[in-house]
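Morning, everyone. I'll take a few minutes on charged side-chain pairs, so let me put the structure up.

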Amino acid sequence: MRDRRKRNVVSWSALFWCTFFLLLLSYLLFTSSRFFSPELVHTLPTPLNKALSDDSSLHFRSSLQETVTLPDQALVFLNHPQTVRPFAKEDINCLYFPANSSVPHSWRPPIDVDGEEHLRKQMVRCPLPPPGFTVSIRVRSNAQLQGGHSHRWDLLVYEALVDRDNSTVVFVKGLGLRPERVSNASKFECVYGWDFRKIKYVLRSNVMSIAQEIARCTTPRSVLSNPNRTHDSVKVSIRVKGGGTLNSIARPLLSPGLRTPDRKPHEMCICTMLRNQAQFLKEWVIYHAHIGVRRWFVYDNNSDDDIEDVIASIFSVKHNISRHIWPWIKTQEAGFAHCALRARDSCKWVGFIDVDEFFYLPSGLSLLDVLRNQAKNVSVGEIRVSCHSFGPSGLTQMPPQGVTVGYTCRKATAERHKSIVNPEVLNSTLINVVHHFHLRDGFHYMNLERSEMVINHYKYQVWEVFKEKFYRRVATYVADWQEDQNAGSKDRAPGLGTKAVEPEDWSSRFCEVNDTGLRDVVLQNLTNRRTHLLPWQEEHRRGRRRSRKKKGKHKG
């Protein structure tokens, strides 16, 4: 009996020491993995991309998700844990690696760092790498972000939304489909997965429709059951039957308008796509707010002119503006379709115009009156508004009171039109050609009389502004002006070649009719009687004061 108790004591002792060593080993493995993994020091930005002045920081693991090479820059997309805010621009450098080398050849600061916090992703715009080089990211702590695939822009699935009917709307570049035509969907299929190189591990589904650069896919149930996990969710791509699967960075997100609300908060909204137009945004927003617009969706196509600060300075109850990062070049039609889906749940009508285009109502009716009159015919799904193109009007410098007051001479005949649409009645293909959309069966468009409403298009401004149009056109099916194509197209400036060289008589061109209608309305209704300034001039003055105060604080 005594021997048996002794043996039991030895057994319990062995069990204790065995358990102790297992716990110790687990602890050592955990701490060593933390020690040898890169820790990235991240300064919290407030607002987005602006670093705090204190030393607040978070240690976390982050990763490089994808890289897309555009003709003039590289877009590097980063993943962040849910609890972490993005990097500031000052935290990051772009690293360049020769082919088959893990040693960086050089580094450069990024062009810009951008992101949308609710998506927990961030985009770093790096200068274009030399031919044969790849690009990566190094943060201030000298940790290099690992992982991610590199893609060419000319053949890529780049965005995706899950629509109300649970189909996935897929935005794709490079299929070369004809404009305004529905293509044969049976030639394609949709695939969902993490790695499209391993085709046996992907989910396949039917393409319901495909046109221009947009496909609509049947969404697998397993994808619908796990929406909006942006950092690790499956990607969607398009496979050409008998061919290959396109590279993709698109992770399906739920569209904001998944159901039709009982009452939409805004009668009139505007979608626009822009690049480096921040200096014109205040006048455009404030004027359209005056005539009844309450919601703006700004699709930013790689601006680097502090547009976030301009939007923040004018955002208010009357000026509800959201900026959406849309870095994809020559995709205006796709961007407008994307915007129509986003605006659908909150807007009865959505106008698709540029920042140099202004609705003008010569009749004296309000914009909302015009919309309500047209809405009496329930089959009207689109209102088409003619455009008058204004020239430099004798000016050689930007008009200090804004485009609506400064430019008063235009061409005699109207050029084309822009549209205001009911987003509930768009054709499921989302076909559009910038100027108008295709509608569902049973709905039609209505041409407004020019005496009721027109668009003043300040297209041919002073040369300093106009020459920026030579950089790149945003529409998919419109040739850039540096290209020797479609010389007689209305999308080009008459008489100009392919180089941004100012003609001697530029300031007097495109002046056939003196038209001061909108100028008179603006001066009469928007001028401050005390300061004699227009609202955007006052806002500009306040901005300069804020800037001087900031400089004074830094000097102090």
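Salt bridges in the model

I'll start with Glu-189 and Arg-204, whose side chains form a salt bridge with an N to O distance of 3.4 Å. Glu-189 sits in strand E13, residues 188-193, and Arg-204 in strand E14, so this pair joins distant parts of the chain, 15 residues apart. Arg-204, at 47%, counts as partly exposed.

Keep in mind that this is a predicted model.

Next pair: Lys-173 and Glu-213, also a salt bridge, at 3.1 Å from N to O. Lys-173 is in strand E12, while Glu-213 is in the loop between strand E14 (203-211) and strand E15 (214-218); the two are 40 residues apart, and again distant parts of the chain are linked. Both Lys-173 and Glu-213 are buried.

Then Arg-164 with Glu-424, where the closest N and O atoms of the salt bridge are 2.7 Å apart. Which parts does this pair tie together? Arg-164 lies in the loop between strands E11 (156-162) and E12 (167-173), and Glu-424 in the loop between strands E26 (417-421) and E27 (444-447), so the parts tied together are 260 residues apart in sequence. Arg-164 has 22% relative accessibility, so Arg-164 counts as partly exposed.

There is also a network: salt bridges link Asp-163, Asp-165, Arg-216 and Arg-344.

And how many salt bridges are there in the whole structure? The search finds 23. That's what I have.

Key: Residues are numbered from 1 along each chain as its sequence is written. This is a predicted model: local features need pLDDT of at least 70, side-chain atom pairs count only at pLDDT 80 or more; totals for chains, interfaces and linings use all residues. Side-chain values use heavy atoms; hydrogens and water are left out. A salt bridge is a side-chain nitrogen of Lys or Arg within 4 Å of a carboxyl oxygen of Asp or Glu. Helices (H or I, at least four residues) and strands (E, at least two) are DSSP runs, numbered from the N terminus. Buried means under 20% relative accessible area, exposed over 50%, partly exposed in between (1.4 Å probe, protein chains only).
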